[in-house]
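Me: I have a structure here and some words I would like to understand. Could you go through them with me?

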There are 2 protein chains.
Amino acid sequence: MNYKKEYAIMKRSLSVVEYRGEEMVMASIAKAISHPVRIKILELLASQQCCFTGELTEIIPMAQSTISQHLKALLDAGLIQGEINPPKVRYCINVENWHKAHVMFGSFFVPDRLSGCQCC
Amino acid sequence: MNYKKEYAIMKRSLSVVEYRGEEMVMASIAKAISHPVRIKILELLASQQCCFTGELTEIIPMAQSTISQHLKALLDAGLIQGEINPPKVRYCINVENWHKAHVMFGSFFVPDRLSGCQCC
DNA sequence: ATAATTAATCGTATAATTGCGATGAACTAT
DNA sequence: ATAGTTCATCGCAATTATACGATTAATTAT
């Protein structure tokens, strides 16, 4: 979760908007997959073409430290999990949160929400 | 689409990774919804509680210029569309791209992809 | 012990995002 | 014409993200 308290409750003049936790979670997951390299990493992990950081650095043309940074972002978002297997670290999709993301994005973009648009 | 050519084809030593257009599109849509205010705006537009910028500025406690900036981000991502209705501007969900996003995220997070994980 | 391997973290530079007030453009109403 | 309304855009400041090389930590192999 990357968003600070300032977003949790916002005040201005008379109105107060409180973001539901769901909005914050969605935003942070969306942020995690808002970079093509991180999407690529998830695709590679999901397809089981590789699991170790080292293999990722061979496939994705970026510095090891950069890959590691992106892995951390995905880890923080809960989309992947790491298992230390010295001297390597094995990364996998976090299946539970993968399913949650599926439900969350699925219900967010669900067409039924748009049923009542009168104006366009 | 926010990502430059530098991402489209990346080279490093021997390897070359080319991002599929789909990865770029997903990343840019994810970026668009990576902020709770923009999620809020989409929810408001989807539920038809409002359509005009002015109404949004009453509900969301941020400066009008900030809301306008967020609307532009959603517009650039293709998630909403605007119709000038002087002196107001009416915003709506872009239904076509909403459906595309539904399919795209739905198939990205689809559980079947994870069938073959041997390592965890 | 020593060297080698793997990956996280640190420091740094650059770029992008976010938020705001002020201004400007387009149009309406008087 | 003049004033008012609505919203986009500009300019600025502060924060955050991105990428890299260098270093460090943890572990294995010799």
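Reply: Here are a few of those words, each set beside its definition. This is a predicted model, in which local features need pLDDT of at least 70, side-chain atom pairs count only at pLDDT 80 or more, and totals for chains, interfaces and linings use all residues. Residues are numbered from 1 along each chain as its sequence is written, chains are lettered from A in the order in which they are written, and side-chain values use heavy atoms, without hydrogens and water.

Me: Why is Val95(A) called partly exposed?

Reply: Buried means under 20% relative accessible area, exposed means over 50%, and partly exposed is in between (1.4 Å probe, protein chains only). Val95(A) has 38%, so the residue is partly exposed. Val95(A) belongs to helix α6 (residues 95-108) of chain A; helices are DSSP runs of H or I with at least four residues.

Me: What makes α2(B) and α6(B) roughly perpendicular?

Reply: Their axes, lines fitted to C-alpha atoms over the stretch in contact, cross at roughly 105° and come within 11 Å. Angles of 65 to 115 degrees count as roughly perpendicular, and therefore α2(B) and α6(B) are described that way.

Me: Which residues of α6(B) make the contact with α2(B)?

Reply: Met104(B), Phe105(B) and Phe108(B) do, facing Glu22(B), Val25(B), Met26(B), Ile29(B) and Ala30(B) of α2(B). Contact means heavy atoms within 4.5 Å.

Note on methods
Helix = DSSP H or I, 4+ residues; strand = E, 2+ residues; numbered from the N terminus. Axes fitted to C-alpha atoms, helices over the stretch in contact; angles between N-to-C directions. Parallel < 35°, antiparallel > 145°, perpendicular 65-115°, else oblique.
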